[in-house]
Amino acid sequence: MAEPAASTLIPLDQVDPALVEDVLDRAFGPGRQERTAYKIRQGTDWLPGLSFAALDAEEYLVGTIQAWPVALNDPQGRAHPLIMVGPVAITPERQDQGFGRALMAAQAAAIDPAAPIPQVLIGDAPYYGRFGFTEAPRGWQCPGPWDPARLLIRGAAPATLPQAGMLGPWLG
Ligand SMILES: CC(C)(COP(=O)(O)OP(=O)(O)OC[C@H]1O[C@@H](n2cnc3c(N)ncnc32)[C@H](O)[C@@H]1OP(=O)(O)O)[C@@H](O)C(=O)NCCC(=O)NCCS
């Protein structure tokens, strides 16, 4: 595993939103807004206490992580709150230098341990498995195309969440 890069992490709301969009464009390429993850959190605002930026030793913005309030809506019509993690985005020329890991650690540390809300994301299990994410129950649905092997959760005691439901924005 790469050694952590020399970096400074700051709250994302201290960064010009246009620079954040630029990092996301460069990490994900065109069409990122069509992704199912964007549909799940549609209409919500990212959570400032759980969203961070990474600056390199020269104080250039090299990566971002966000988190969003979403819900699993069960078949009985109850909404179960979840934190949606991501995107995690590192500029292409600074990938594999530990910035993503540093951002994931900062966000995990900021989640209130006294009232941990389970986290969900759509991403590569070999990467996010390092941070404790495992496959969501196969009964969980998304409002767009998704690969079940990439729908991942963390921090949920299996008995506390429904085995079936539709993910969507937290509108409570
Ligand atoms: C995926 C991403 C966030 C990882 O951040 P990073 O700073 O590049 O990676 P880190 O330095 O934290 O970790 C590097 C390690 O993760 C591994 N890794 C990186 N991306 C991976 C992936 N998609 N799947 C599996 N392993 C991955 C690397 O091989 C490396 O492994 P090693 O430690 O055994 O050498 C970053 O590469 C990125 O922004 N990619 C494009 C956008 C994206 O796919 N975001 C994630 C979906 S929300």
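A residue is buried if 20 or more other C-beta atoms lie within 10 Å of its own, exposed if 12 or fewer, and partly exposed in between, with C-beta atoms placed from the backbone. The model is predicted: local features need pLDDT of at least 70, side-chain atom pairs count only at pLDDT 80 or more, and totals for chains, interfaces and linings use all residues. Residues are numbered from 1 along each chain as its sequence is written.

**Exercise 1. Determine whether Glu-93 is buried or exposed, and locate it in the chain.**

Step 1. Helices (H or I, at least four residues) and strands (E, at least two) are DSSP runs, numbered from the N terminus. On this basis, Glu-93 lies in the loop between strand S4 (79–90) and helix H3 (99–110).

Step 2. Glu-93 has 8 C-beta neighbours inside 10 Å and therefore counts as exposed.

Step 3. Ala-110 is 17 residues away along the chain, and its C-alpha atom is separated from that of Glu-93 by 27 Å.

**Exercise 2. Identify the strands that pair with S3, and state the sense of each pairing.**

Step 1. Two strands pair if DSSP finds at least two bridges between them.

Step 2. Strand S2 (residues 52–55) pairs with S3 in the antiparallel sense over four bridges, with Ala-54 opposite Gly-63. These two strands form a hairpin with five residues between them, and Glu-59 in the turn has a positive phi of about 70°.

Step 3. S4 pairs with S3 in the antiparallel sense over ten bridges; here Ala-67 stands opposite Val-85. This hairpin also has five residues between its strands, and Gly-77 in the turn has a positive phi of about 90°.

Step 4. Strand S9 (residues 164–169) runs antiparallel to S3 and is joined to it by four bridges. In this pairing Ala-71 stands opposite Gly-168.

Step 5. Ten of the 13 residues of S3 (residues 61–73) are buried, so the strand is largely enclosed by the rest of the structure.

**Exercise 3. Describe the largest nonpolar core and state which element supplies its largest share.**

Step 1. A nonpolar core is a set of buried Ala, Val, Leu, Ile, Met, Phe, Trp, Tyr and Cys residues joined through C-beta atoms within 7 Å.

Step 2. The largest such core has 24 residues, and those with the most contacts inside it are Val-70, Leu-82, Met-84, Val-120, Leu-121 and Leu-152.

Step 3. Helix H2 (36–40), S3, S4, strand S5 (119–122) and strand S8 (151–154) each supply at least two residues of this core. The largest share, five residues, comes from S3.

Step 4. Two residues are in contact if their C-beta atoms, placed from the backbone, lie within 7 Å. Leaving aside residues up to four places away in sequence, the contacts of Val-70 include Ile-40, Leu-82, Met-84, Val-120 and Leu-167.

Step 5. A second, separate core of 14 residues includes Val-23, Ala-54, Ile-65 and Ala-89.
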